[in-house]
Amino acid sequence: MEKVRAIARQVSNWGRWGADDERGTLNFITPAVVQRAGQCIRRGAVFSLGLRFDSSGPQIGSVGRVNPIHLMSAIDAGVGADPEGFRYNDDFVTMPLQCATQWDGLAHVQYGGQLYNGYPTSTVTSAGASRNSIDKIGAGVVSRGVLFDLARARGVDRIPPGTVIFPADLDAAERHCGVRIASGDVLLLRTGHLGVFKQDGDRQAYMTKEPGLGVDCAPWLHAREVAALAADTMAIEVIPFEDPKLPLPFHMVAIRDMGLTLGEMFDLEELAEDCARDGVYEFLFSAPPLKITGAVGSPLNPLAVK
């Protein structure tokens with residue numbers, strides 16, 4: 001915790017956008033940033049970066065998370081007496097909001113009795129989060145996206161689980177993609193680890209060990225004023241943790257201190273193949289959360305448009 005608190009003091013954005021701020025680094029996405037992002041559309045090619053929400057998802061039942069349950073509430077039901085008249089089907093889904101591709105909201109992580117921007121942890125109750133909830137970013141996350149293909153930059157298909165990604169690795173990936181990260185960008189990290197789930201079919205291995213960021217990457221992201229960060233892994237940061245006694249230190253600093261919205265379990269494979277073919281690693285990125293009042297996360301179908 002001593003190291004976490006030292007980095008936290010270095011990267012804290014508390015009060016940067018006012019005492020009442022609940023958007024954190026998404027404030028870097030100004031109208032000018034959105035306009036710049038629109039200029040990335042050259043071909044009109046659209047890529048979905050989201051996993052399917054179904055019973056075959058990646059969850060293994062840990063921390064209370066399960067895969068979605070989809071049920072039909074009406075099949076060939078009618079309105080009115082005419083059997084040839086209006087008929088309809090309806091359905092519903094029961095699922096954790098963070099069971100597949102999703103945003104972690106700023107009320108998702110806390111320590112020391114406080115959430116991002118100093119709000120007390122008591123603002124999260126059984127009724128939900130009254131501060132830093134996901135609906136506070138309901139206007140969406142629309143910006144320039146940049147893909148760092150960390151695996152290709154190393155010349156491998158997949159980075160092995162347990163590999164720590166350091167700031168020097170982010171520098172190398174930036175050189176590889178040829179795009180300088182600018183204020184307000186959304187940074188996507190491909191490690192290739194999603195193949196453990198999608199190609200190998202091994203949920204357990206995908207969800208329990210992964211390559212990922214070390215906590216020392218937080219100052220790099222802070223200096224570049226990254227608006228949001230997402231990866232093809234379950235937790236973005238390395239597992240097993242750098243310090244076995246301190247779980248999820250990057251989450252602690254990124255969400256609670258920086259106010260950095262994190263995206264997990266993004267499917268970046270098709271986009272990465274296209275970027276490797278045409279050499280263009282920037283695009284319009286759009287990933288609005290569901291405006292679920294008081295929620296601490298949201299399922300997503302993020303889009304990249306080139």
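Biologist: How many nonpolar residues are in the lining of the largest pocket?

Modeller: The model is predicted, so local features need pLDDT of at least 70 and side-chain atom pairs count only at pLDDT 80 or more, while totals for chains, interfaces and linings use all residues. Residues are numbered from 1 along each chain as its sequence is written, and side-chain values use heavy atoms, without hydrogens and water. On a 1 Å grid over the protein atoms alone, a pocket is an open set of points where a 1.4 Å probe fits, with protein on both sides within 12 Å along at least five of seven lines, and lining residues have an atom within 4 Å of a point. Besides five polar (Gly among them) and three charged residues (Asp, Glu, Lys and Arg), the nonpolar class (Ala, Val, Leu, Ile, Met, Phe, Trp, Tyr, Cys and Pro) numbers 10.

Biologist: Which elements give two or more residues to this lining?

Modeller: The lining comprises 18 residues, with V63, R65, M234, A235 and L248 nearest the centre. Helices here are DSSP runs of H or I with at least four residues, and strands are E runs of at least two. The elements in question are α6 (203-208) and α8 (249-258).

Biologist: Which strands stand at the edges of the sheet?

Modeller: Nine strands form an open, mixed sheet in the order β1-β15-β13-β7-β9-β11-β12-β4-β14, where pairing requires at least two DSSP bridges. Because each has a single partner, one side is left without a neighbour in the sheet for β1 (46-48) and β14 (297-299).

Biologist: Which residue is the bridge partner of A230 in β12?

Modeller: Strands β11 (228-231) and β12 (261-264) pair in the parallel sense over three bridges. In β12, the partner of A230 is G263.
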